[in-house]
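Good morning, colleagues. Please look at the sequence and the structure first.

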Amino acid sequence: MRGAAVVALVLLAARVSSAQAPSARPLVFEARLDGIVASRTATTHAGLGITRAASRNLELEIVVGGGITMRDERDDPSASARGDVLARFAPVPANRGRWGAYAAGGVSALVERGSRGRAVLALLVGARGRRTFVEAGLGGGVRVGAGLRF
């Protein structure tokens with residue numbers, strides 16, 4: 001229920017920002033690979049994301065991903081999935097051909113076959129070029145990711 005409210009707020013914010021300047025803020029899509037390592041689990045996800053600029057320095061992002069999770073007590077991997085709703089702040093927006101740093105925060109829903117899902121806070125720092133990005137932070141464990149924007 002809370003996750004639906006967060007998604008609704010992000011979509012509302014994107015809609016309000018699109019009313020201000022629809023042609024200046026197109027949607028940006030991304031393909032990504034993420035790894036999350038916690039005390040007894042290791043997770044690998046491939047994902048897709050949609051990003052919308054809310055202002056010059058702030059972007060709103062929704063990511064869905066799926067993959068496998070390995071647990072210490074089990075030898076075989078289990079299917080898992082993740083959904084993120086993030087706000088990304090870049091003090092100096094990335095210019096064409098140059099890399100720029102950013103910080104992101106939001107919520108992440110993690111689910112795994114055979115266990116209850118959980119919501120976690122996600123805090124990330126990263127660097128982004130024109131089409132690529134790398135990031136690291138916390139969210140269900142130590143998280144690292146990289147991807148392509150198109």
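A salt bridge, as the term is used here, is a side-chain nitrogen of Lys or Arg within 4 Å of a carboxyl oxygen of Asp or Glu. By that criterion, the structure holds 13 salt bridges.

Before the details, a word on provenance. This is a predicted model, in which local features need pLDDT of at least 70 and side-chain atom pairs count only at pLDDT 80 or more, whereas totals for chains, interfaces and linings use all residues. Residues are numbered from 1 along each chain as its sequence is written, and side-chain values use heavy atoms, with hydrogens and water left out.

The predictor's confidence in each residue, pLDDT, runs from 0 to 100. For the protein chain its mean is 87, and 81% of the residues reach 70 or more. I name elements by DSSP runs, numbered from the N terminus: helices (H or I) have at least four residues and strands (E) at least two. Of these elements, helix H1 (residues 2-20) has the lowest mean pLDDT, 51, while strand E8 (residues 142-149) has the highest, 98.

Let us turn to strand pairing, which requires that DSSP find at least two bridges between two strands. Strand E1 (residues 27-37) pairs with strand E2 (residues 41-53) in the antiparallel sense, over 11 bridges. The two are joined by a hairpin of 3 residues. E1 also runs antiparallel to E8, to which 8 bridges join it. Val37 illustrates both pairings: its bridge partner in E2 is Ala42, and in E8 it stands opposite Val142.

Which residue forms a salt bridge with Asp34? The partner is Arg82, with the closest N and O atoms 2.9 Å apart. Asp34 lies in strand E1 and Arg82 in strand E4 (residues 78-89), so this pair ties together parts that are 48 residues apart in sequence. Both Asp34 and Arg82 are buried, a label that means under 20% relative accessible area, with exposed meaning over 50% and partly exposed in between (1.4 Å probe, protein chains only).

Glu61 belongs to strand E3 (residues 58-71), and the two residues are 29 apart. Arg32 and Glu61 are buried as well. A network of salt bridges includes Arg32, Asp34, Glu61 and Arg82, with Glu30 and Arg128 among its other members.

A further pair is Arg71 with Glu112, whose closest N and O atoms are 3.0 Å apart. This one links Arg71 in strand E3 to Glu112 in strand E5 (residues 100-112), 41 residues away. Arg71 is partly exposed, at 24% relative accessible area, but Glu112 is buried, at 10%.

Next, consider Ala87, found in strand E4 and partly exposed at 30% relative accessibility. Beyond its neighbours within four places in sequence, Ala87 is in contact (heavy atoms within 4.5 Å) with Leu58, Glu59, Leu60, Ala103, Ala104 and Gly105. Its C-alpha atom is separated by 9.3 Å from that of Ala54, 33 residues apart along the chain.

Finally, the surface. Phe29, in strand E1, is partly exposed, with a relative accessible area of 36%.
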